[in-house]
Amino acid sequence: MKQFYWGILLCLLSTNYLFGQVQDKDQQDKHTINGYIRDTENGEELIGATVYVKELGTGAVTNAYGFYSITLPTGEYQLVFSFIGYQDSIRSIDLTEDISFNLELVAEALLLEDLVVTGEEEDFNVRELTMSRNSVDPIQLKTLPALFGEPDLLKVVQMQPGVVAAAEGTSGFFVRGGSADQNLILIDEAPVYDPSHFFGLFSIFNADVIKDSELYKGGIPANFGGRLSSILDVRTKDGNSKKLSGTGGIGTMASRFMLEGPIKKNQSSFLLSGRRSYIDLFLMGSDDINKVYFYDLNAKINWRKNNNNRFFMTFYLGRDVQEFNDDGRFSWGNATATLRWNHLFNDRMFSNTSLIFSNFDYGLEIFDPIEGLDWTAGLQEVSIKQDFNYFINPQNQLSFGYHGTFRRFNPGRISPNAENSIFQLTQLDKMYALDHALYVGNEQMINDRLTLQYGLRYSIFQNVGPSTIYTYADPQDNVNIERIDSTTYGRFETIKTFHNLEPRVSARYLLNTNSSLKASYNRMIQNVHLMSNATVSLPFNTWRPSSPYLDPQRSDQIAAGYFRNMQDNTFEFSAELYYKWMRNLTDFADNANVFFNVNLAVEFRTGESDSYGLELYLNKKKGHLTGFVSYTLSRTDRQIETVNLGNVFPANYDRRHNLSVVGSYIFSERWTFGGNFVFNSGRPITLPVGRYEFDNYNLDFYSGRNEYRLPDNHRLDLSATLTPRKNQHRKWKSSWVFAIYNVYNRRNPFTVYTRTKQDDDGNIIGDGTEKEARLVSLFPVLPSVTYNIKF
């Protein structure tokens, strides 16, 4: 633990140094104005709202909790408070002392000529320091066509530049050459390990409760860590503190409802929402008594004790259930809870303290007198996060903090559930880990053109007991497995500790008022590993910590880009180049057994990967027609020891070309039309290329890993939203959404399998030794209807 305490000292010294460097000598002649910017309609804090000082040409932006702070010389100023989609508020301030000033902004009427689809300042694309970041607007999300009419955040994330979908209709995604487990997905700061329902057809995010979502692909700030490729930070609404309101929808596959309102007006509020699919209800009258359904529950309570203290409690529970007549039952799901305290120490020091719980588990039950069993597995973690923001002056904003997590990994337990079952109680060893991180960072405006963000994250990961670690004669031999020794560790006894430094640097240089250049470098460390060799994420995969047989995964990424706004900020354009190199990646030996394997350590293979690409993005924010076009040209190669004879091979998710076109058109006050078109190059696959006979068995001979590719896939989806005229004069408002998924019935390949060659009638051709490949497609043209309500 000595290194841990040295790390704390290092961060504290760095913090003190930065404080000393950026404090102004004439601080006694300056004062601070701070506060919260909120929506006047529902009291929600506005994330990313701007405070602009006209006289100085400088300003501040609200943080993730709607708080701003700006320190200025004594004097009189005009402050402009703004947020896109809201009316600007100009206030005159005589700053002779420190002031706490909260403000509520009024949403603009959604006139056609003034319509915008994002909650950011107009030139945010150019002036924002962070690059490789995409936001998903929750309003636009609901107007786009969706599979089975269910708005899906992750489906829209898949259409962002640099993001590749796992397969058509699924929620899995890959970012800049990283695998799906290398994305950290957060809901109100709590990590979610399986973000999908129905094996990926739907995501766990109910569109009605989403307040803000950010996808970080590069230039990741120092307060984020734990995954190699991306951070998807989703924050839910806090609950309407002004009045009782609600939304809901009845769709083709599922229905949802949300209720929010004040507990005590302007001081505390609640939010409660639920969603459930109902295919199983339609099947109740049939002879087939299989049940397949999922549900989500979201709940939130917040309380403003005073201007300096605010408390939040957030809960999420989601589950999938499949019952197979009387033969068995399969279920899996996530549960999260977050307790958060926002505290204002003084005019410039803001803190957020969070206690976080996250659970992912799955279970399989087979009801049989001979083969009956219960199989359970899961992962639980408890975290504490202490984050600080210090608003030193308009040129410097310091952030620092500590994150600590305890994880328990349960890779699997099988127990008999029938008296004569052939199964015996079998428990794979549970694993435990402590994960610490200290970080410090500063955002510094050097001059009117150049702004920097730099920081350092120090991570300490401890694989701890109780556990028994086995030593193998040859850890690379997964055929003739021989254990030669073992070491037993007690409770919280350290098995192995890993120390890593993660530097982060970003820069933005303004060329003029309409364009800028940006560049970034970041190192990311990942200490949890997904045990899977499938391209599509499955709920019965398990996770393991870094250990004597698994080193932490590491990635380094550099990126550079050109950003430009055009036609009075109507259009946003960006072009980014990136190169990412990843080391200590986890993979498996060819023909590895990853299912309930007590000697899984001998199946591990590590290697490296390189990914590089070009991302183009054009976004139209204003007018009748809004939307974006994104295109990614990329390549991702892997090289894993002993796999594919040690030769380089394309990653499972290497897709050369990815194009998305997304649009929403307001035709009138009653009709809004939406559409999206996607094109993706085919993903790599491994196929049998011949057959041979061994010991009277005919066996397949396979190609090199991922030597072939599936055909390209593309799809067009359309939607129309009808808002009745009577909505204008009633509190209860409604709308209809009509959508068509896969308009021209493209049979996109989902996977491929081989079978004995047959004729059109299913008869085997020849002697039965000749094979043929068959493509599997999931979705034909699918119409849907959704009825939405709001009050």
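Predicted model: local features only at pLDDT ≥ 70, side-chain atom pairs only at ≥ 80, totals over all residues.
**View 1. The aromatic pair of Tyr 193 and Trp 543.** The search of the whole structure finds 33 aromatic pairs. One of them joins Tyr 193 and Trp 543, whose ring centres lie 5.1 Å apart with the planes at 80°, so the pair is edge-to-face, the angle being over 60 degrees. The two residues come from distant parts of the chain, 350 residues apart, with Tyr 193 in the loop between β13 (190-191) and β14 (196-197) and Trp 543 in strand β35 (residues 542-545).

**View 2. The stacked rings of Trp 671 and Phe 673.** These two residues form a stacked aromatic pair, with 5.9 Å from centre to centre and 5° between the planes. Trp 671 is partly exposed at 28% relative accessibility, and Phe 673 is likewise partly exposed, at 34%.

**View 3. An aromatic cluster.** Tyr 36, Tyr 65, Phe 67, Phe 350 and Phe 391 are linked into a cluster by ring pairs.

**View 4. Charged groups over aromatic rings.** The charged end of Arg 276 is placed over the ring of Tyr 293, 4.4 Å from the ring centre. In another such arrangement, Lys 518 lies over the face of Phe 563, at 4.1 Å from the centre of the ring.

**View 5. Strand β17 and its two partners.** In a regular strand the side chains alternate between the two faces of the sheet. Strand β17 (residues 230-236) has seven of its seven residues buried; Ser 230, Leu 232, Val 234 and Thr 236 lie on one side, Ile 231, Asp 233 and Arg 235 on the other, and both faces are covered. Strand β12 (residues 183-187) runs parallel to β17 and is joined to it by five bridges, with Asn 183 having Ser 230 as its bridge partner. Strand β16 (residues 210-216) pairs with β17 in the antiparallel sense over six bridges, and here the bridge partner of Asp 212 is Arg 235.

View 6. A cis peptide bond, with omega about 10°, joins Gly 465 and Pro 466, and Pro 466 is located in the loop between β29 (450-464) and β30 (467-472). Asn 644, in the loop between β39 (625-640) and β40 (649-650), has a positive phi near 55° although it is not a glycine, and it is buried, with a relative accessible area of 15%. Asn 706, in the loop between β45 (697-702) and β46 (708-709), also is a residue other than glycine with a positive phi, about 55°, and counts as buried at 7% relative accessibility.

Methods: Residues numbered from 1 in each chain as written. Heavy atoms only, no water. Helix = DSSP H or I, 4+ residues; strand = E, 2+ residues; numbered from the N terminus. Buried < 20%, exposed > 50% of the residue type's maximum accessible area, 1.4 Å probe, protein only. Pairing = 2+ DSSP bridges. Phe/Tyr/Trp six-rings, centres within 6.5 Å; stacked < 30°, edge-to-face > 60°. Lys NZ or Arg CZ within 6 Å of the ring centre and 35° of its normal.
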